[in-house]
Amino acid sequence: MLIQFTLKNFLSFKDEATLDMSAIPAYKDHEYNLIKTKSGDSFLKVATIYGANASGKSNVFAALCA
């Protein structure tokens, strides 16, 4: 299970960027989209990356595949 993914100095990402799948404690809407562990942590089942054209969305995908 992917919990956190960090990339730096990859294609258009000079600075560090992190995709974090941890749910914040205040997240109450759509609880069916959470994975709850025995230790009490909650993680998101799905995340979406969106943005303007040429903003690096495909580069995030390329980093995940590398």
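A residue counts as exposed when its relative accessible area is over 50%. Tyr50, at 74% relative accessibility, therefore falls in the exposed class. Keep in mind that this is a predicted model.

**The core**
- Five residues make up the largest nonpolar core: Phe5, Leu7, Phe13, Val60 and Ala63.
- Two elements, strand S1 (4–7) and helix H1 (57–65), each give two or more residues to this core.
- In general, nonpolar side chains in soluble globular proteins tend to be buried together.
- Once you set aside neighbours within four places in sequence, Phe5 is in contact with Ala17, Thr18, Leu19, Ala63 and Leu64.

**Asn59 on helix H1**
- Asn59 sits in helix H1, and its side chain makes a polar contact of 2.7 Å with the side chain of Ser12.

- Met1 belongs to the segment before S1.
- With a relative accessible area of 68%, Met1 is exposed because the cut-off is over 50%.

**Back to Tyr50**
- You'll find Tyr50 in the loop between strand S4 (42–44) and H1.
- Tyr50 and Cys65 are 15 residues apart in sequence, and their C-alpha atoms are 18 Å apart in space.

Conventions:
Residues numbered from 1 in each chain as written. Predicted model: local features only at pLDDT ≥ 70, side-chain atom pairs only at ≥ 80, totals over all residues. Heavy atoms only, no water. Core = buried A, V, L, I, M, F, W, Y, C linked by side-chain atoms within 4.5 Å. Buried < 20%, exposed > 50% of the residue type's maximum accessible area, 1.4 Å probe, protein only. Helix = DSSP H or I, 4+ residues; strand = E, 2+ residues; numbered from the N terminus. Contact = heavy atoms within 4.5 Å. Polar contact = N/O pair within 3.5 Å; in protein donor to acceptor, adjacent residues only side chain to side chain.
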